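Subject: Handover of a structure, with notes

Dear colleague,

I am passing on the structure below, together with my notes on what was found in it. Please read the notes with the coordinates open beside you.

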Amino acid sequence: MPGQTPSAATADYPTTATADYVFGCMASNGNTRTALEQCSCSFDVVASLVPYDRYVEASTWLSMSQVTGEKGALFKGAAEAKAAIGDLRRAQAEAEIRCFE
């Protein structure tokens, strides 16, 4: 919401991470004013549930899992990767419920 003070959780995220998340979300949801509001809400929910360091970890694992071949398999099967990505996916699912329904 406009003029809203960031929570301690969202304040831990750098502005560029916030913008990347919201821009990516908006691109996936039509780049409308409604999408802006929903995606900002989604970011706030994710940031309140996943500390920034864990978010970076999960994002890195997701990026590395895009590598093809044997090298990519190393990243896809790691228990650490599954745990970090699982944390992020659960937070995104909660954001979906709170912000998009």
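The largest nonpolar core has 24 residues, and those with the most contacts inside it are Y13, Y21, V22, C39, F43, V46 and Y55; such a core is a set of buried Ala, Val, Leu, Ile, Met, Phe, Trp, Tyr and Cys residues joined through side-chain atoms within 4.5 Å, where buried means under 20% relative accessible area, exposed over 50% and partly exposed in between, with a 1.4 Å probe and protein chains only. The elements giving two or more residues to this core are α2 (15-28), α3, α4 and α6, and α6 gives the most, with 8 residues.

Please bear in mind that this is a predicted model, in which local features need pLDDT of at least 70 and side-chain atom pairs count only at pLDDT 80 or more, whereas totals for chains, interfaces and linings use all residues. Residues are numbered from 1 along each chain as its sequence is written, and side-chain values use heavy atoms, with hydrogens and water left out.

As to the overall make-up, the protein has 6 helices and 0 strands, these being DSSP runs numbered from the N terminus (helices H or I, at least four residues; strands E, at least two). Of its 101 residues, 29% count as buried. Among contacts (heavy atoms within 4.5 Å) between residues at least 6 apart in sequence, 65% join residues at least 24 apart.

Helix α6 deserves a description of its own. With 22 residues, α6 reaches 30 Å from its first C-alpha to its last, close to the 32 Å expected at 1.5 Å a residue, the expected span being 1.5 Å times one less than the number of residues. Its buried residues are A81, A84, I85, G86, L88, A91, A95, C99 and F100. Two of these, A95 and L88, are touched by V46, which also touches Y13, Y21, Y55, A91 and Q92, not counting residues up to four places away in sequence.

The axes of helix α4 (residues 52-64) and α6 come within 8 Å and cross at roughly 115°; axes here are lines fitted to C-alpha atoms, for helices over the stretch in contact, and angles run from 0 to 180 degrees between N-to-C directions. In this contact R54, Y55, E57, A58, W61 and L62 of α4 meet E80, A81, A83, A84, I85, D87, L88 and R89 of α6. These residues divide into 9 nonpolar, no polar and 5 charged, with Ala, Val, Leu, Ile, Met, Phe, Trp, Tyr, Cys and Pro counted as nonpolar, Asp, Glu, Lys and Arg as charged, and the others, Gly among them, as polar.

D87 lies in helix α6 (residues 79-100) and is partly exposed, with a relative accessible area of 27%; leaving out residues up to four places away in sequence, D87 touches V50 and R54, and its C-alpha is 8.5 Å from that of Y55, 32 residues apart in sequence. S42, in helix α3 (residues 33-49), counts as buried because its relative accessibility is 5%, and, its neighbours within four places in sequence aside, S42 is in contact with Y21, A95, C99 and F100. N31, in the loop between α2 and α3, has a positive phi of about 50° although it is not a glycine, and counts as exposed at 54% relative accessibility.

With best regards
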